[in-house]
Amino acid sequence: MGKWGKKCSLLLILAGLALLFLGTREYVEPNLDEISKLKAKGLVTEIIGRTVRETFSDTSKPEDYFLIKKDESGNLQLIQADTIMMNRKIAALTVALQEKYRTMEPERMEIPVGTVFGSPILSQAEGGVEIRVLPLSVSSCDFETSFESQGINQTKYQIYIHIDTEVRVLQPFSHENFQVTTRMLLSELVIMGDVPENYVSVPKEDILDVT
């Protein structure tokens with residue numbers, strides 16, 4: 001092969017590698033990003049669920065989360081979340097999560113090749129792409145309340161925990177930070193009888209923001 005032939009072959013190889021790289025960025029990377037976020041959300045949800053159980057272990061009954069007031073006849077007058085207790089628990093939960101995140105090593109996960117490329121043909125292929133997921137910090141942690149009628153004389157009251165976590169995902173040749181939002185049902189109380197005259201709902205914007 002002559003001098004010009006070698007140069008042409010080299011140019012063709014470089015062009016092929018460039019097209020492969022561009023194709024990977026256009027089709028594979030978005031797919032890998034989406035899968036990585038799902039993996040990260042699963043990991044964070046598991047950690048939060050475990051930490052919530054530890055933090056709220058002394059509040060085993062739904063009534064423990066609410067303040068309930070009745071009149072002399074036993075009729076329900078007022079029901080609301082115990083905001084003092086909840087704010088104290090939310091602060092403890094935030095500290096516990098921050099400590100767990102601070103001491104964690106990146107969680108290694110392998111994504112199958114077929115999943116990365118979205119190809120059923122490669123679903124049985126061995127090996128995969130390794131990513132590392134590391135929760136960094138709690139961006140915000142608060143709670144919210146809601147209620148809904150379940151019938152003529154039945155009302156359901158709920159308390160949810162809302163947590164935003166900053167997460168880093170390390171992929172081959174890149175890394176990305178993003179936020180994972182977790183909304184978890186903490187307590188649910190069903191009241192039978194007359195709907196109370198007053199109900200206090202705690203909107204998120206009025207809750208003490210613990211960071």
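Colour the chain by pLDDT, which is the predictor's confidence in each residue, from 0 to 100. You'll want that because this is a predicted model. Averaged over the chain, pLDDT comes to 76, and 67% of the residues score at least 70.

Now select residues 83-103. That's helix H2, which has the highest mean pLDDT among the elements of the chain, at 94. For the other end of the scale, jump to residues 198-199: strand S7 has the lowest mean, 54.

Next, two stretches to view with caution. Over residues 14-22 the pLDDT stays under 50, and the model gives this stretch zero contacts beyond four places in sequence. Residues 206-211 are also below 50, but here the model does show 17 contacts beyond near neighbours in sequence.

On to helix H1, residues 3-55, and serine 36 within it. Is serine 36 buried or exposed? Its relative accessibility is 1%, so serine 36 counts as buried. Show what surrounds it: leaving aside neighbours within four places in sequence, serine 36 contacts Ile111, Ile131, Val169 and Gln171.

Stay in helix H1 and pick arginine 50. At 34% relative accessibility, this arginine counts as partly exposed, because that label covers values between 20% and 50%.

Methods:
Residues numbered from 1 in each chain as written. Predicted model: local features only at pLDDT ≥ 70, side-chain atom pairs only at ≥ 80, totals over all residues. Heavy atoms only, no water. Helix = DSSP H or I, 4+ residues; strand = E, 2+ residues; numbered from the N terminus. Contact = heavy atoms within 4.5 Å. Buried < 20%, exposed > 50% of the residue type's maximum accessible area, 1.4 Å probe, protein only.
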